Amino acid sequence: MAEVIKSACPLNCWDSCGLLVTVDNNKVVKVEGDPSHPITKGKICGRGRMLETRTNSPERILYPLKKVNGEFKQISWEQALDEISHKMMEIKEQHGSTAVLHSHDYSNNGILKNLDQRFFNMYGGVTELYGSLCWGAGIEAQKWDFGDAYGHEPEDVLESKNIIIWGRNVARTNMHFYEKLLEAKKNGAKIYVIDPMFNATAKIADEYISIKPGMDGLLAVGIIKEILRLGMEDRNFILHHSQGFEDLENLVDGISLEEISEMTEVPIEIIRSFANIYADKPTSTFMGLGLQRYKNGGNTIRLIDALVAVSGNIGISGGGANYANLQVGQSFDVANLTMSDRRSSHRQFSIMRQAEEVLAAVDPIIEMIIVTCGNPLTQVPDSTLVEKAFSSVSTLVVIDQFMTDTAALADYVLPTGTSFEEEDIYYSSMYHHYVNYGPKFVSAPGEAKSDLWIWTQLAQRLGFGDVFNSSREQLLNLSLQSLAEKGKTLVELKERGTLELPVKYVPWHDFKFKTASGKYEFTTMDKGEEGKLTLAVPEESKWNNPELAENYPYSLLTIHPLRSNHSQNYHLYSKAPQLKIEVSEDIAASKNLKTGDYVRVWNDRGEVKGQLSILPKAHPNTINIDEGIWKKFGGSVNALTSSRESDNGLGSTLYDCLVNIEKIN
Ligand SMILES: Nc1nc2c(c(=O)[nH]1)N[C@H]1C(S)=C(S)[C@@H](COP(=O)(O)OP(=O)(O)OC[C@H]3O[C@@H](n4cnc5c(=O)[nH]c(N)nc54)[C@H](O)[C@@H]3O)O[C@H]1N2
Ligand SMILES: Nc1nc2c(c(=O)[nH]1)N[C@H]1C(S)=C(S)[C@@H](COP(=O)(O)OP(=O)(O)OC[C@H]3O[C@@H](n4cnc5c(=O)[nH]c(N)nc54)[C@H](O)[C@@H]3O)O[C@H]1N2
Ligand code: SF4
Ligand SMILES: [Mo]
């Protein structure tokens, strides 16, 4: 008989939804929203519903596979685990443990996914990745300004008079915030969307401001300039709770509104009008991750933070420089799971430049790559180089549920379970502050096993099995240790399905910042010259690289797809997806391109081909190709993107990318 079970969405997403899953005879038959979830209230998106298709898909990998003479052959777990552990032992003896690279991302938000680190630390410490393709530049930026990246709790936006959605595709990527925006609008709040693309959120805005990609920091400078000219700044905050304001004043004096308007391609009257919007408090600012995936991305977020600070919108209800909410992740004791004190050696590669670093590695060279919770061939920039690097190592092991482009390149593919096939707890540090419980309620198909089972088996073979002897229950309790001290336990979480985490609803309301000075830092003291704000522009721009801009006149955005979480869902659509190349109206007009034309987009790094469609009201000279597309559906747009790092070294520059376009037959 069918049963309905409370569960949680594991996907890397802002919303971290509560689910109700109908199960019949050990089979998931339907995935719906859980109406009792305090934030997500019964609504979920298509990606969540597709977890059913994902779990039941006939394309699931069912057995361990080994590549022999270029073809995958089914092998037993015994053989797979023996051979991999034997190789790992040999590598450690001959080259040291850092000759293994652990390449991963965060495709599954389960806390026990962190046990991969425990495994690699016990092995001796491998080469790990630092930085983030996703939000790295902005997180680091907010650490420089505030000491940490904290956001307001979801209900607080209802206190705002004005809401600025700055480079976040809310309607597509953060549906429950979109619901909140509709509510706020009904209550009379004004909504402004600043984005090069007239996206679905722009449609509900009171005003849409189109901007040249990568130029938002300068726009913030223009607004600050006008606020200061009108004397509308918050003198009390500046005087008592900040430091470095003189540097900001000097910066602002170094450029005119006319210049800013010309460079950002935003009319002067609009820049001026935003001074009044920010002064008409409380005004909340919601930054997306798109706007910081540029070389100048850290500085961009810092300048927007500075605008929020100067206008007195920090630490007040209905205000805030909302970007992420690391208070959520900081509620857990992840260190108890990872045991990083147990490793004896360690090396780090940049996640952005992992391919270059693999190819250049010496002492030791990379002998083996193990991929978990990631699909680097599709998701990491400069994919031609990624393919070269991942093909160059002696052994590539991929743990996944499906035969992705990365898995297809592997020497060993180990089949893992979906979230419904194992117990875990799920949270996201992006939006709300609730953690959700996800029990196991169906068994994995074929011989697929959980990631944790795989680590446990390998650990036994490598002689450190004892640290994997704990039950899931014990491990979950370990990760909730400090919460339990505050009376929030696993028992309660299991019972209710969700728990509210102890966070500050309005961060920084006491104006005690986590920076070295304890103040808001317009100039970050302990960063030297780098700590000063600048007027930086994107690397691939006519200002920094005129010749490149001459050859490649168009800005390429590669935003997140509507129906897929990155590369995870394309192969599950009922109709095979096609690569769509979206261009602004001016490009179509000047190149005489029509919807449906077959076109090629290229730069010095690579090319992609697909069908043209036109983006109404998008900023001139802008192209978008959604990310995540598998080779068999047209190939990853990361063939075009650069592996350059952001200004502060920790973020990607995926959208800082110039291209050209032409029609082909
Ligand atoms: N449907 C769906 N939802 C998702 C995901 C998914 O894959 N699919 N992924 C999840 C993950 S991991 C993440 S990180 C989030 C990301 O969530 P978002 O930040 O909302 O999404 P992005 O696609 O990164 O970029 C969003 C917006 O940034 C704009 N943008 C790009 N460059 C600029 C710029 O220079 N200035 C300004 N002002 N705007 C700019 C784009 O036009 C786009 O509207 O979404 C999560 N939710
Ligand atoms: N051009 C361009 N590139 C981008 C982006 C962009 O906007 N533009 N966005 C970037 C961002 S924001 C992000 S977050 C990254 C995401 O990059 P990834 O996390 O690499 O992408 P996904 O497609 O979400 O997932 C990768 C794989 O994880 C597997 N997987 C899912 N659950 C599990 C599990 O429990 N265990 C294991 N072992 N595997 C699992 C999935 O089957 C999938 O094949 O991509 C980045 N890349
Ligand atoms: S993908 Fe995001 S919005 Fe969709 S169900 Fe999962 S958590 Fe909710
Ligand atoms: Mo992301």
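A salt bridge here means a side-chain nitrogen of Lys or Arg within 4 Å of a carboxyl oxygen of Asp or Glu. Keep in mind that this is a predicted model.

Start by selecting Lys-663 and Asp-597: their side chains meet in a salt bridge, 3.6 Å from N to O. Lys-663 sits in strand 27 (residues 658-663), while Asp-597 is in the loop between helix 24 (585-591) and strand 24 (598-602), so the pair links parts of the chain 66 residues apart. Asp-597 is buried because its relative accessible area is 8%, whereas Lys-663, at 43%, counts as partly exposed.

Next, pick Glu-78 and Arg-461, another salt bridge, with the closest N and O atoms 3.2 Å apart. Color helix 3 (residues 77-95) to find Glu-78 and helix 19 (residues 451-462) to find Arg-461; the two residues are 383 apart in the chain. Glu-78 counts as partly exposed, at 47% relative accessibility.

Now go to Lys-180 and Glu-155, which pair at 3.2 Å, N to O. Lys-180 is in helix 7 (residues 175-186), and Glu-155 is in the loop between helix 5 (136-145) and strand 8 (162-166). Is Lys-180 buried or exposed? Lys-180 counts as buried, at 10% relative accessibility, while Glu-155 is partly exposed at 33%.

Finally, zoom out to the whole protein chain. There are 35 salt bridges by this rule, among 67 positive and 87 negative side chains. The chain has 24 helices and 27 strands, and buried residues make up 63% of its 665 residues.

Notes. Residues numbered from 1 in each chain as written. Chains lettered and ligands numbered in written order. Predicted model: local features only at pLDDT ≥ 70, side-chain atom pairs only at ≥ 80, totals over all residues. Heavy atoms only, no water. Helix = DSSP H or I, 4+ residues; strand = E, 2+ residues; numbered from the N terminus. Buried < 20%, exposed > 50% of the residue type's maximum accessible area, 1.4 Å probe, protein only. Lys, Arg positive; Asp, Glu negative; His and termini not counted. Charge placed at Lys NZ, Arg CZ, Asp CG, Glu CD.
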